[in-house]
Amino acid sequence: MVLYRFEFAAMACANELQLWGEDEADVRRAAEFAIADVRRIEAKYSRYRADSVTSAINAAAGGAPVPIDAETAALLGYAERCHRVSGGLFDITSGVLRRAWNFRRQPPRVPSDSELAALTPLVDWTAVEWNERAVRLPRAGMEIDFGGIGKEYAVDRAATCCAERGLAHGLVNLGGDVRVMGPQPGGAPWRVGIRHPRRDDAALASVELFEGALATSGDYERFFEIDRKRYCHLIHPRTGAAASTWQSVSVTAPLCVVAGSCATIAMLARESAEVFLASQAVDYLMVDAHGACRGPLQPAS
Amino acid sequence: MAADRAPDGAVLSATSGALLAAALALPGVAPGLAMAQAAPEQGVIALKYLDYRDWQPGEARMRVRAPALYVLKPLSDSVAVEGSLVYDSVSGASPLYFNTLSGASGIGITEYRTAGDIKVTKYFNRMAIGVGGAASSERDYLSRAASLDVRVFSDDRNRTYAFGIGGENDRIDSVNGIAVGQRRHTVDVLLGVTQVLSAQAIIQSNLAYSAGHGYYSDPYKLLDTRPDRRRTLAWLTRYHQHLPGIDATVKVSYRYLHDSFGSTSHTAEIAWVQPVPRGFTVTPSLRYATQSAADFYFDPPFPAGHVPGALYTADTRLAAFGAITPGLKLAADLGGGWSADVKLEVYRQRSSWRLFSDGSPGIAPLSARWIQAGIAKVF
C-alpha cells in the first residue's frame, strides 16, 4: 500500500487528505469525490457567497419563510441540539455580534455596551421559526451561520466518502479539524499535533488517533489585544463578551462535528467547560489563560 | 427562551453523549449511517374503510365495502416490514354489457374476498431491497404473487433508481362451471427514476411492462372470449411542486397505457394539497381518462356472422370512452401521532367524452363513487 497526499484549498483553509491505497486511480477518484463534496458544502453554506443557502435565509430575515432541503434541516436540527445542551451558549444566530466586534478595524477597539445592546435582540435561536421544509428568521437583521458546524460536517462527509469507496486507512484535515478512518496500515495510530495557542509553529501536544476526530477551538484564530488583554472571535451570545477563560480547547470524539461543537461550547463555557465536556463523553485538552494544560489528553513530553 | 434561564456562562448539559447521538442524524457523517436516514424510524398502523358503489341510469349496480388494515414496523435501523389485510364484500351485479340487454343482468349476489400482502425492506447504504408476497382469495379466484424491488440512491440522495420484478399466479374456478381450473401467469418488470429538482420540486417517471398468459376471459359474460396472452406497457410520470408562499403542493401526473388487447389509454390528474389552519389539509383533485376499445370489443348489436370461439367481448371496461373523476380529500392531524382522513371521489364515464376519436356508441353512462375513511397512528 502507498500513502497518497492531496492538498487543496477550500473554506479559506489549507486542507489535506492522506489516503492509503493499492491503486492510485481508485484513491484519486475517492479523493476527487471527497474534495468535490467539501466544495459543495462550502458553496452551499458559506456566508460570504451571495448565492448560498445561508445568504438566502439571511436575506429573507423578517420576511417570508425560505424553503430548505433535508440536509439544511438536519444541520439546523444539530444546531438546535447544540443550543439546548449548551444552555444557549452555542447559538448560530450570534454572528451579528461581529458587526460590533470588528477584528479588521485599525486601531481595534472593544465595542461599547450600547453597541452590543443594539445587537443582542437579533441573537436568539429560540425565536427562529423552522421545520423540515422551511426556515424563517423573524426579525429583520437576524443572521445565521454554520460556523462551528459546517467545516466539521464537511470533514466527516469527506471521511465517509473515502471509507465508502473502500479506503480503510486515511485522514482528512480541513484547516486543523481532523478525522481519521481507521489506523494506518499495520495498525499504527495517526499522530495528530495540537497547535500551541501562543506559538504559531509549535505543537503543544500530539494525540494518537486510531479512529475518530480531533477539533480545536482557540483564541488565536481571530483576535486583537488592547492593554495586553486578548479579545478573540468567540463571542458570548448573551453578554456579547469575548471568551477569555481558555486559550484553546481540543476535543476528540467519534465525529468531527461533535468534536468541533464541543470545543466551541467549551471555549464559551468558562469554568463549566470541563463539566460539559465530561457530560458529552469526549476527551479533551484545554489550555487555561495562564497556559496550563488540563484534561485527559495530556501533552506528550 | 431557554438561554435566559441559564446563568451567564453556565452550561445546562443533559444526557451523556447527547451531541454525538444528534450528530449521527446528519447525512453522510459516518459510513453506513445513511441507511438509518432512509429506513423508516417509526411504525404506522392504519385502518381504512372503503365504500364503493356504481350505477347506471335507473339501476344500482355494484357495491363494495372493504375494511383494510395496514401496518408498517421498523425491525431495526435498517429493516422494515409492512403488510396489509383487506376484506371485501361485493354485492350486486357488475356493469351492464350494453343498453339493449339491460334486463338480462343483475342477479344480486354477495361475494367476499380476503387479500393480504407483506413486504420486508432492507436498507443498505446506497440502496434498499424489498421482498414481498401477496395472496388474494375469493370463492372463484385465487391469486398469489411475489415481488422483488431494488432502489439505488445517488450520492447526494437527490436521485433514486428503482428496479422491480414480480410474478403472479392466478387460478380461476367460476361458480357457473364455465371456467374450471383455469390458470393465469404474469411477470412484471418496472424501471423508474425519481429526481429531486429543488427543495420544492420532485419528478418521478416509471415504466412498467407486464407479460402474461392464461385465461383472460370473463366466465360470467356471455360468449366472452379473449386472447390467452396479454402484454401491457404503462408509463407513469408524476411531478410535485411545492408553493412555499401559500404552503400548498400541486401534484400532476400522466399515465400512458397500451396493451396487446389493442386498448390505449391516457390518464391525467391534478391535485392541490392545501394545508389550512388547525392541522387540516384539503386536497381537491380532478382526473380525466380516455381510452380506445380493445380490438375484439364489439358494440351492440351482437355481431352478425360471429364464429363461436372467435375473440369477442362486450365488457364495457374494454370499450372506448372518456371518464372524469373529481375528488376531495380532507385530512386532519389529531396530534399525538394520530391522523384521520376522508376522501370522496365521483366517477362519471361517457362514451362521448373520449378524446381523439369517437367512443363506443352502445354503452350506457356509468357513474360510481368512492368514499374512503381512514385513521392512522404513528408509533
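Two residues are in contact if their C-beta atoms, placed from the backbone, lie within 7 Å. By that rule, Val251(A) touches Ala215(A), Ala259(A), Cys262(A), Ala263(A), Leu277(A), Val282(A) and Tyr284(A), leaving out residues up to four places away in sequence.

This is a predicted model: local features need pLDDT of at least 70, side-chain atom pairs count only at pLDDT 80 or more, and totals for chains, interfaces and linings use all residues. Residues are numbered from 1 along each chain as its sequence is written, while chains are lettered from A and ligands numbered from 1 in the order in which they are written.

**Cores.** A nonpolar core is a set of buried Ala, Val, Leu, Ile, Met, Phe, Trp, Tyr and Cys residues joined through C-beta atoms within 7 Å. Buried means 20 or more other C-beta atoms within 10 Å of a residue's own; 12 or fewer is exposed, and in between is partly exposed. The largest core includes Val251(A), Val257(A) and Cys262(A) among the residues with the most contacts inside it. Helix α6(A) gives the most to this core.

| Core | Residues | Members include |
|---|---|---|
| Largest | 99 residues | Tyr78(A), Cys162(A), Ala266(A) |
| Second, separate | 14 residues | Ala289(B), Ala323(B), Ile363(B), Leu366(B) |

**Helix α6(A).** Helices (H or I, at least four residues) and strands (E, at least two) are DSSP runs, numbered from the N terminus. α6(A) covers residues 256-268 and reaches 19 Å from first C-alpha to last, close to the expected 18 Å. The expected span is 1.5 Å times one less than the number of residues. In α6(A), 13 of 13 residues are buried. Arg270(A) follows, with a positive phi near 50 degrees.

**Sheet.** Strands pair if DSSP finds at least two bridges between them. Three strands of chain A form an open antiparallel sheet in the order β3-β5-β4. β3 and β4 of chain A each have a single partner strand, so one side of each lacks a neighbour in the sheet. Pro67(A) has Ala134(A), in β5(A), as its bridge partner.
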